[in-house]
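Thanks for coming, everyone. Here is the model I want to walk through today.

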Amino acid sequence: MTSLYQRLKESGNPKAPMEVICDLIEKGKTAKEIANIMGITERWVRTLMKRKKDGLSAKELLHKKGPRSPHPKRTKPHIEALVIETQQKTNMGPRRLARELKRTLNLNISSYTIRNILRRNNVKTKKVRSRNGNKRYYANLNHWEALQYFQIDSKHIADAKTLPPKAYAALFKYRLPKYQFTAIDIKTRMRILCFSDECSFANGFSFILYIAFLMRALGIRHRMFFQTDNGSEFGGSEESRKRKILQEKFLEPLGVTLLSIPKGEKEAQGFVERSHRTDDEEFYIPALPHITSRKVFMTSAASWVKYYNQKRSHGGRDMNGKTPKEKIFELSLVSSKAATSIPPILLDKVNTFILKMVGAQNISWDSHHLLQLIKRKQFVAPYRMLYFCNCAYISGKSQYLFCLR
């Protein structure tokens, strides 16, 4: 037969058995009588009676008072205070926090020790719940070289469901850019950001060309793969005419293959989607309420990109706490400082120049006749001189000269 103590304990209220025992003690019942009523040992009752005399509440009766003096190997108070202060500033978990303290302060603390410190002080990492998809896509990073496979996506910054009221209001009050275009290399996690007022095809097309030009200017020789979703800013679905024209006429001469994900399955864009969450948590939510102009916004965004690429450690697969800059340097591909110091630009200001430069300003993207000419290879894109960097890239019969004006 189940004892009264056990039934009360399983009721879901941890204080219930202790409150009954306290009531019996106050009524003057002896330890033996209480043990018989509750179905527990007399020794346990005497222990609880002793704790009751020390002034402990019903909830505290279950827990020991603890040692009279701290454990000699316990973390020093000033170190605990430093861990708590760093966590509250960065909102990092124990493992990332351990790497950050090692990197910035050369302080060796186990992630388990940090976990215990945070638990003792009731400090928790603030988390944002997100929808889990039905499928998970696993990218084998060993199949790709650094700066070869990019995931590209756009982000609606002015999302009232994500941003707090002050940050959301600042976007409209100071007329800040409402869209972010992101490209992330899945091998090194290096990112390039651009911003715009409109999520248009002109801006999406310009952003894709901008990334291709930058990579070739940095000296990347291998074929690159750009993966996007099926958004209209990137030409729509894989079967659309815009995508075919974009691939055949503009990207193929640059040695770039444009890929698309299955419709409605954003999980295939896991790297770039996860980085957008990081943007919200570590840049937009804390910084937007204090931004008062477009100039300040672009300056802050440039600092954020530089921090993300050069100082923020990444705990994902094959990163092992390294920054994108350290990962690129480890692979010895290009100048890691040059690749990770690319500042963001406003696409609305440069899309006309980029489209005119590559001869795309007068193209009728929905023209079936143009698509047939491209398939027959009777049309060649009139690329002009691209003023981006002091290097040359030669691919097949086409030669592109990059020079700094």
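Start with the kink: α11 bends by about 40°, centred on Asp 280. The bend at a residue is the angle between axes fitted to the seven residues ending there and the seven starting there. Helices (H or I, at least four residues) and strands (E, at least two) are DSSP runs, numbered from the N terminus.

Some ground rules. This is a predicted model, where local features need pLDDT of at least 70, side-chain atom pairs count only at pLDDT 80 or more, and totals for chains, interfaces and linings use all residues. Residues are numbered from 1 along each chain as its sequence is written, and side-chain values use heavy atoms, with hydrogens and water left out.

Back to α11, residues 270-287.

Which residues of α11 are buried? Among them are Phe 271, Val 272, His 276, Asp 280 and Tyr 284. Buried means under 20% relative accessible area, exposed over 50%, partly exposed in between (1.4 Å probe, protein chains only). The buried residues of α11 pack against β1 (149-156), α8 (165-173), β2 (179-185), β3 and α12 (294-310).

Now confidence. pLDDT is the predictor's confidence in each residue, from 0 to 100. The protein chain averages 81, and 83% of residues score at least 70. Strand β3 (residues 191-196) is highest, at a mean of 96. Strand β7 (residues 398-402) is lowest, at 32. Over residues 373-405 the pLDDT is below 50.

Technical notes
Contact = heavy atoms within 4.5 Å.
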